[in-house]
Amino acid sequence: MRKLETCLSPELIHLYDLKDKTVVMVDIFRASSTMVTALSSGVESIIPVEDLEICRSFKDKGWLIAGERNGKKAEGFDLGNSPLAYLNGKYKGCKIAMTTTNGTKALVLAKEYAKEILIGSFLNLNATAKYLKAQENDVLILCAGWKGKYNIEDALFAGALSLGLNFHHDCDATMAMETLYQTAENNLLSFLKKASHAKRLQNHQLEKDIDFCLARNQFDTLVKLQGDQLKLGFV
């Protein structure tokens, strides 16, 4: 029987055995939501990198560069970290190099050890669950958090995905996240009004991003790491 665990911060990833597991990286506000939206809207591929300067170097290779730090677009970058920027199909066929405060760091940490890495968001929740049900790997949900700290929006996704999968688990974090999601699932936006990262985005007038990132099942798409690049997979 397949098992599921939840890692609530990248700072705790050393406590988990990632070998032969499918890791679902989630950063609801906003990296994973942006990645899913971009690729679902026609972007060809995304290469996630940790460092701003390394990301900038892709500009000379003909890539668009997307950079975000502390909720704001990094200076000199083509794009920040808003999923809404990709909805009009403006970047269809483009390749994007992306670096964010939390999500790309978590992804880079996981890729060294995991058998497979998926990108999870509320936007493609059902498609991600459908794919995982058809596979044989155990699953680890990796919450990107905020600079190593626990983030409630990522935890809510973990609970939602676990409930959708109904895999065996004896993971206390997963059990707690399921209960949290069941408490909040009928009004995620209201529940998250006082969440720390929601407040950061509100301070930057990004309320529309918050609303969009909490919309469930807008895309019937799977996003997975293939080599060093994120691309659409098959459900």
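## Aromatic pairs

At 12% relative accessibility, tryptophan 63 counts as buried (buried is under 20% relative accessible area, exposed over 50%, partly exposed in between; 1.4 Å probe, protein chains only). Phenylalanine 58 is buried too, at 9% relative accessible area. The model is predicted: local features need pLDDT of at least 70, side-chain atom pairs count only at pLDDT 80 or more, and totals for chains, interfaces and linings use all residues. Residues are numbered from 1 along each chain as its sequence is written, and side-chain values use heavy atoms, without hydrogens and water.

Searching the whole structure gives three aromatic pairs (rings of Phe, Tyr and Trp, its six-membered ring, with centres within 6.5 Å; planes under 30 degrees apart are stacked, over 60 edge-to-face, the rest tilted). One of them joins phenylalanine 58 and tryptophan 63. Their ring centres are 5.4 Å apart and their planes meet at 70 degrees, so the pair is edge-to-face.

Phenylalanine 122 and phenylalanine 157 also pair edge-to-face, at 5.8 Å centre to centre and 75 degrees between the planes. Phenylalanine 122 lies in the loop between strand 7 (116-120) and helix 4 (125-134), and phenylalanine 157 in helix 5 (residues 152-165), so the pair ties together parts 35 residues apart in sequence. Helices (H or I, at least four residues) and strands (E, at least two) are DSSP runs, numbered from the N terminus. Both phenylalanine 122 and phenylalanine 157 are buried.

## A charge over a ring

Lysine 61 places its charged end over the ring of phenylalanine 58, 4.4 Å from the centre (NZ of Lys or CZ of Arg within 6 Å of the ring centre and within 35 degrees of the ring normal).

## Helix 1

Helix 1 spans residues 31-40 and is mostly covered. Nine of its ten residues are buried, including Met35, Val36 and Leu39. Glycine 42 follows helix 1, with a positive phi near 110 degrees.
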